[in-house]
Amino acid sequence: MTYRADYLAVEPTRTAVDAMEGAVVLEFGAPCCGHCRDAQPLLRDWLAEVGEVTHLKVEDGKGRPLGRAFGVKLWPTVIVLEEGRERARVVRPTRASDLDALRAALDA
């Protein structure tokens, strides 16, 4: 799966996310968030480089259980998971080098 431009219509459960096989890029944010909108070209380009990963773009906010399960406090928060385990996390990336930890996690 490549870059997902729109937020998921239905938020997956933590159990469903943990059960996904392979690398998963979990992006938390909100359509009204300026930081989230600003990060989209950067994330789109990065995801085009990394190849086959599952990208889940999840709208976060008060009362949203998946974001709370991952301790999300600021948007966008991008997490790389593998077999349900967090490998890396980046909050509010603004330049390509901010994604280095995510790149390293996918290369490991």
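**Exercise 1. Find out how exposed arginine 92 is, and describe its backbone.**

Arginine 92 is partly exposed, with a relative accessible area of 33%; here buried means under 20%, exposed over 50%, and partly exposed in between, using a 1.4 Å probe and protein chains only. Next, look at the backbone: arginine 92 is not a glycine, yet has a positive phi of about 50°. Helices (H or I, at least four residues) and strands (E, at least two) are DSSP runs numbered from the N terminus.

A note before going on: this is a predicted model, where local features need pLDDT of at least 70, side-chain atom pairs count only at pLDDT 80 or more, and totals for chains, interfaces and linings use all residues. Residues are numbered from 1 along each chain as its sequence is written, and side-chain values use heavy atoms, leaving out hydrogens and water.

**Exercise 2. Locate a cis peptide bond.**

Go to the bond from tryptophan 75 to proline 76: this bond is cis, with omega near -15°. Proline 76 lies in the loop between helix H3 (65–69) and E3. For background, most residues other than glycine have a negative phi, and most peptide bonds are trans.
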